[in-house]
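Good morning, and thank you for the time. I would ask you to keep the display in view while I speak.

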Amino acid sequence: MDTTHMTLAELQRLLHARELSAKDLLSEHMMRIDNVDGEVKAFLRTTPQLASQQAAEADRALKAGNAGQLAGIPLAVKDVLCVEGVETTAGSQILRGFKPPYTGTAVRRLFEAGAVMVGVTNCDEFAMGSSTENSGYFPTHNPWDLTRVPGGSSGGSASAVAAGEAVVSVGTDTGGSIRQPAALCGVVGMKPTYGRVSRYGLIAFASSLDQIGPLARSVEDAAILLEAMAGHDPLDATSSDRPNDVRRDFEAGVKGMRLGLPREYYEVDGIEPGVKAAIDKALEALRRAGAEIVDVTLPHTDYGLAAYYIIAPAECSSNLARFDGVRYGMSDQDAANVTDAYMQTRRKGFGTEVRRRVMLGTYALSSGYYDAYYLKAQKVRTLIKRDFDTAFEKCDAIVSATSPTVAFPIGSKTQDPLAMYLCDVLTLGGNLAGLPGISVPCGLSEGLPVGLQVLAPQWREDVALRVARAYEVASEMKVAVAPL
Amino acid sequence: MSGGADLNPPSGPSVHLPGKRGGQPPAWEVVIGMEVHVQPRTRTKMFCGCEVGQPGDLPNSNVCEICAGLPGTLPVINKAAVEACLKTAVALRCEIPRHTKFDRKNYMYPDLPKGYQISQYDLPMSHDGILELDGRKVRIRRVHLEEDTGKLVHAGDKLHMAKESFVDLNRAGIPLMEIVTEPDLRSADEARDYAVALRTLLRTIGASEAEMEKGQLRAEPNISIRRAGTEELGVKTELKNINSFRALHRAIQFEVARQVEVLESGGTVAQETRGWSEAEQRTFSQRSKEFAEDYRYFPEPDLPPLELDPKWIEVLRQALPEMPGARRSRLISEYGLPATDAHLIAAEVAFADLFEATVKAGAQPRATANWIVGEVAPSGKLPTPAVLSEIVKLVTGGSITRDQGREVLHESLSSNRTAAEIVAERGFAQDSDEASVKAIVEAVIAANPRAAEDYRAGKKQALGALIADVKKRAPQTNPKVASDLLMKALSTP
């Protein structure tokens with residue numbers, strides 16, 4: 001029995017039936033990591049000690065019959081989520097060696113449900129990027145084609161699941177950073193409604209856009225993981241106290257549902273024919289399952305990218321000010337005075353893309369430019385929210401490709417930041433509007449995975465999950481295994 | 001206007017402060033706006049669960065991952081701080097908007113753990129209020145809420161000489177209300193009176209203990225001068241490091257004189273922040289403000305905007321106690337207190353409460369005021385109204401002397417016993433009985449023939465020696481009765 005490509009739901013059954021021990025499950029995954037991660041490079045570091053403690057605890061609980069939902073499930077955690085005592089660096093040299101004295105809420109809830117953390121996954125530095133090439137350590141490779149990127153910024157979390165190194169993983173999504181790598185690696189990835197999952201413990205990139213979410217091998221697995229993380233947290237003032245009802249009507253199907261197809265997304269510039277063909281097939285499957293596909297329009301889509309690349313850098317310029325070498329992380333000790341110490345620490349510690357965004361954001365917030373950039377971008381954000389509100393009057397959910405392209409070769413976009421920014425064109429609208437969105441695998445183009453994105457109104461994760469699940473059933477998609 | 005030039009003969013003294021030259025109109029008008037930071041009375045910090053602590057606490061002992069600004073942490077608003085701020089706003093008759101929000105003020109400094117301070121920028125908790133100062137209205141521009149920074153400790157005292165610097169984050173994240181006036185104050189006296197009145201108000205409503213020595217109230221005056229009669233504001237300087245009301249007064253006086261001297265010698269005042277040196281009794285330049293720092297304010301994305309429920313504000317408004325100004329007027333009209341006593345008593349809510357409770361317990365009002373101003377206030381301790389009313393009654397009724405009353409007061413403050421117990425224990429019951437006092441008086445006259453003779457010969461001061469002997473022989477004798485009887489005995493040949 002090869003457990004490294006089974007779903008969480010299947011493993012849950014085996015573990016609770018005591019046909020499989022958490023200890024064995026863990027060692028199979030650790031072995032798999034040993035075998036493949038030299039090539040995939042999904043992990044920045046593994047956490048064998050923590051994992052064996054947690055697996056032992058899970059086995060005790062399973063034996064005693066009081067095990068949590070996730071007891072014994074191998075989990076990978078993106079390097080932006082603080083875990084007590086585990087080096088957490090946000091993919092940046094500036095935080096090298098930083099071990100948080102606390103565990104963030106989402107991960108803590110997964111631990112309380114019995115999950116076993118196998119390691120910390122690679123990502124673009126401070127989650128800024130769409131290919132994981134901006135990692136301050138090394139790039140991660142796509143398990144479907146090791147010469148290609150896994151997407152990003154949660155590229156390590158996506159490839160770890162795709163490569164069978166973890167059953168599920170946690171990522172973060174600021175402009176598409178869960179959904180896009182999920183699409184490129186052929187796994188399910190979900191960004192919840194802003195406020196659904198507490199951000200406490202998430203090293204902030206852009207506070208008004210960041211959300212933590214699951215990556216998994218099936219829609220059901222993603223739903224289970226999300227449910228375990230979601231819910232109000234008194235430590236995050238932006239977390240909601242709405243009922244945790246994300247799995248409501250999960251198997252209800254799409255019969256009678258209206259699914260909106262936004263022209264601006266369907267015909268987006270640069271969409272590859274193979275991707276379009278995969279989406280057409282997916283739409284056909286959904287139609288067969290009883291959904292009505294309706295045309296909708298999101299007229300301000302073109303401005304979304306511009307607004308996003310003002311708001312996100314503006315917030316990041318402030319969020320990253322704390323990395324000054326005074327209290328933790330890298331610290332330049334040769335400086336003559338405190339200003340030089342700041343500058344030298346930050347010049348050495350931050351990579352090119354982070355510095356670019358800090359400068360962009362600082363500029364956008366500067367006196368004299370604030371109204372023209374930040375304020376204008378916030379107004380565009382309001383228009384984009386309104387676009388979605390209007391569209392959702394005509395449909396229950398919106399469907400599109402997750403990414404206009406399949407995984408691209410490593411190094412092909414690193415010299416062209418604007419081309420890299422365009423990777424997020426179909427996903428960042430969901431962040432600007434705070435909507436839940438899921439990417440589910442919908443076949444291959446040129447042998448590489450394509451993702452179908454489902455966006456739902458705020459707080460309607462249930463709708464996004466239900467549509468994604470219906471597609472999974474209708475398309476008879478089995479767990480897609482990367483040919484590694 | 002040419003007034004300024006006419007008033008300043010070229011050879012005349014270059015520094016003259018407003019009001020110093022009798023009837024002559026002042027050459028310069030002083031314009032002061034005050035920025036006061038007040039620590040509201042809360043148990044915990046502004047955005048985390050850490051205790052606010054005390055000034056002497058071990059460095060970094062009241063610090064958690066949130067106020068240390070560790071990666072991944074988030075702020076959560078302290079409702080008690082919001083309530084204290086709203087109470088203050090209501091007491092200052094401010095307008096309170098329905099929507100308010102927090103903003104980030106971005107700048108980097110080692111005492112600022114997040115690289116930004118959470119403050120309020122364009123939608124403060126309240127604005128446009130008034131504090132009445134002896135009938136004058138000082139306009140309040142805004143009252144908002146923010147967090148304090150940490151503190152740097154330099155080994156070797158001065159920053160540029162320091163070999164090492166340390167960061168203490170105990171104060172980082174402590175709530176602060178910033179109370180800003182319009183430039184309505186016109187002298188050091190007014191500025192100090194404003195700060196004192198503000199402290200009284202804050203204590204009266206229970207929003208803050210407002211102790212300057214504990215850093216709970218920090219006053220930063222913005223000072224400029226202009227030719228009397230002109231409207232345009234001069235270049236201002238902002239003063240910091242002021243640790244007492246006295247220092248506030250002196251610092252402003254010094255700074256005004258400095259600015260007058262600069263301008264009259266043909267110079268220009270630099271826009272800057274100046275520190276007050278208590279040791280040298282002068283201000284010194286700290287930081288130029290010629291090029292205003294760009295704080296890149298933007299709405300704090302980690303905190304949703306606050307919707308202030310008008311019902312909550314109304315509840316706070318209804319619960320406000322009587323304001324110090326109103327109470328002072330009432331102490332005069334209702335109890336017939338002299339204005340000076342009323343002023344002093346109303347300035348401390350504890351004194352005013354003690355006064356009214358003591359009077360309610362049966363003590364005579366003016367005597368009570370006298371005791372509070374003369375004895376209680378200097379002692380720095382508060383008796384219970386029961387003790388004070390007993391003492392006041394015993395003294396006014398002539399049962400004990402004022403000196404004995406003072407002793408009883410001090411004894412009761414340290415022992416918590418009732419006045420009656422102490423009086424009994426010390427045998428302080430005062431003797432006013434004419435027959436027994438007469439016997440003592442006769443004995444004293446007999447024992448001091450020389451003094452008696454002197455008095456009879458017209459040396460009235462000789463009476464003092466005789467009274468002193470009465471006190472020595474019988475300390476509990478009522479001195480008034482004794483002196484009456486002495487005079488009577490000595491006037492009969």
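Let me begin with a definition: a residue counts as buried if 20 or more other C-beta atoms lie within 10 Å of its own. What you see is a predicted model, and in chain B buried residues make up 39% of the 493 residues.

I shall stay with chain B for its overall form. Its secondary structure comes to 16 helices and 15 strands. The radius of gyration of chain B is 30 Å, whereas the globule rule gives 23 Å for 493 residues; the value is well over the rule, so the chain is more spread out than a compact globule. Along its principal axes, the C-alpha trace of chain B spans about 95 × 65 × 50 Å. As for contacts in chain B with a separation of 6 or more, 68% of them are between residues 24 or more positions apart.

I turn now to one helix pair within this chain. How do the axes of α10 and α12 of chain B cross? Helix α10(B), residues 385–396, and helix α12(B), residues 419–426, have axes that come within 9 Å and cross at roughly 50°. Angles of 65 to 115 degrees would count as roughly perpendicular and those under 35 degrees as roughly parallel; α10(B) and α12(B) are therefore oblique to each other. On the α10(B) side the contact is made by B:V387, B:E390, B:I391 and B:L394, and on the α12(B) side by B:A419, B:A420 and B:V423. By class, this contact has six nonpolar residues, one charged residue and no polar ones.

Next, the contact between the two chains. Chain A contributes 33 residues and chain B contributes 25 residues. On the side of chain A that touches chain B, α10 (301–319), α11 (338–349) and α12 (352–365) of chain A each supply at least two residues. Which helix gives the most to that side? It is α10(A), with three residues. By class, the side of chain A that touches chain B has 18 nonpolar, nine polar and six charged residues.

Finally, the nonpolar cores. The largest has 160 residues, and those with the most contacts inside it are A:L75, A:V116, A:A397 and A:V467. Leaving aside neighbours within four places in sequence, A:A397 is in contact with A:L259, A:G260, A:V454, A:L455, A:A456, A:V463, A:A464 and A:V467. Another core, of 70 residues, lies apart from the largest one and includes B:V36, B:A84, B:Y194 and B:L217.

Conventions:
Residues are numbered from 1 along each chain as its sequence is written. Chains are lettered from A and ligands numbered from 1 in the order in which they are written. This is a predicted model: local features need pLDDT of at least 70, side-chain atom pairs count only at pLDDT 80 or more; totals for chains, interfaces and linings use all residues. Two residues are in contact if their C-beta atoms, placed from the backbone, lie within 7 Å. Helices (H or I, at least four residues) and strands (E, at least two) are DSSP runs, numbered from the N terminus. Ala, Val, Leu, Ile, Met, Phe, Trp, Tyr, Cys and Pro count as nonpolar, Asp, Glu, Lys and Arg as charged, and the others, Gly among them, as polar. Axes are lines fitted to C-alpha atoms, for helices over the stretch in contact, and angles run from 0 to 180 degrees between N-to-C directions. Angles under 35 degrees count as roughly parallel, over 145 as roughly antiparallel, 65 to 115 as roughly perpendicular and the rest as oblique. The radius of gyration is taken over C-alpha atoms; the globule rule is 2.2 Å times the number of residues to the power 0.38. A residue is buried if 20 or more other C-beta atoms lie within 10 Å of its own, exposed if 12 or fewer, and partly exposed in between; C-beta atoms are placed from the backbone. A nonpolar core is a set of buried Ala, Val, Leu, Ile, Met, Phe, Trp, Tyr and Cys residues joined through C-beta atoms within 7 Å.
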